[in-house]
Amino acid sequence: MHDKTRINLDNILKVEREERKKLVALEADFYGRIADQIRELDDEKRKINDMYSTKYSLLEDELKTVRNAIESIIYKRTTKIINEARYNAEISLHAPTKSKENRNIDSMTQEERKFYDKLVELMTEWRGEVINRIYRKEKPVEYIAQVEEKQVEDRPQFQDKRVEEIPQIHEIKENKTKEIAVEDKKDISKEYILVRLLKDIPTFVGVDGHNYTLAKEDVAVLSAVNAKALINRKAAIQIMVNR
């Protein structure tokens, strides 16, 4: 392979750094071509007997430059792909009728598109499960584990027992509506706000116990306490979502 046919990674990396969200359009087999380029440089270097020659040093420097550049490109592009997947997963959950942003789909390589699709699917599924458990008040995992431990061989009898318990739960809810309402307000894990970041935020521990590292222009769903704190500091703005 001659120098003129080699991919100029420096130019790609420069644009990736300048563009905060947009991906540089790459050919579908970009990573395969880079792998071939590195192998050919390695082959050229092995053919040189004198390890102290100028040509050997130049090839060694070129290999180091290519490896450093491709690792930086992968890091930059992966970050952008994750942010876009996260945004579209939030849209799927909170506003399924809203059009998703696919600004970078055509710029992705084959490997990146598979990675993106899996991310969107995984994030949508996981956040859907969590949000549904919060708003539908499904029984916690601890309760399910206790029921499984107490299962008996007579399955119908076990099912009847659960049916008898349901009216009792509703009765408690009807008799203590005010108390439950107050508890719900205190349970900040059940209140979330969709925000867009206006500045980079250092890593912090949210009220839900999770670590968050947010960058300017990121879109995230945060507990009401954390979200309002950022909004009051003018570090974020709320995104209104039609439910």
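Mentor: A residue is called exposed when its relative accessible area is over 50%, buried when that area is under 20%, and partly exposed in between. The model under discussion is predicted. With a relative accessible area of 64%, Lys234 is therefore exposed. Lys234 is found in the loop that runs between helix H8 (224-232) and strand E5 (236-238). Its backbone also deserves attention. Most residues other than glycine have a negative phi. The phi of Lys234, however, is near 60 degrees, a positive value in a residue other than glycine.

Glu217 belongs to the loop between strand E3 (211-214) and strand E4 (219-223). The relative accessible area of Glu217 is 24%, and so this residue is partly exposed.

We may now turn to the aromatic rings. A pair of such rings is described by the distance of the centres and the angle of the planes. The model contains 2 aromatic pairs. In one of them, Phe30 and Tyr31 have ring centres 5.2 Å apart and planes at 75 degrees, an edge-to-face arrangement. Phe30 and Tyr31 are both buried. For Phe204 and Tyr212, the centres are 5.5 Å apart and the planes lie at 20 degrees; this pair is stacked because planes under 30 degrees apart count as such. Phe204 and Tyr212 are likewise both buried.

Key
Residues are numbered from 1 along each chain as its sequence is written. This is a predicted model: local features need pLDDT of at least 70, side-chain atom pairs count only at pLDDT 80 or more; totals for chains, interfaces and linings use all residues. Side-chain values use heavy atoms; hydrogens and water are left out. Rings of Phe, Tyr and Trp (its six-membered ring) pair if their centres lie within 6.5 Å; planes under 30 degrees apart count as stacked, over 60 as edge-to-face and the rest as tilted. Buried means under 20% relative accessible area, exposed over 50%, partly exposed in between (1.4 Å probe, protein chains only). Helices (H or I, at least four residues) and strands (E, at least two) are DSSP runs, numbered from the N terminus.
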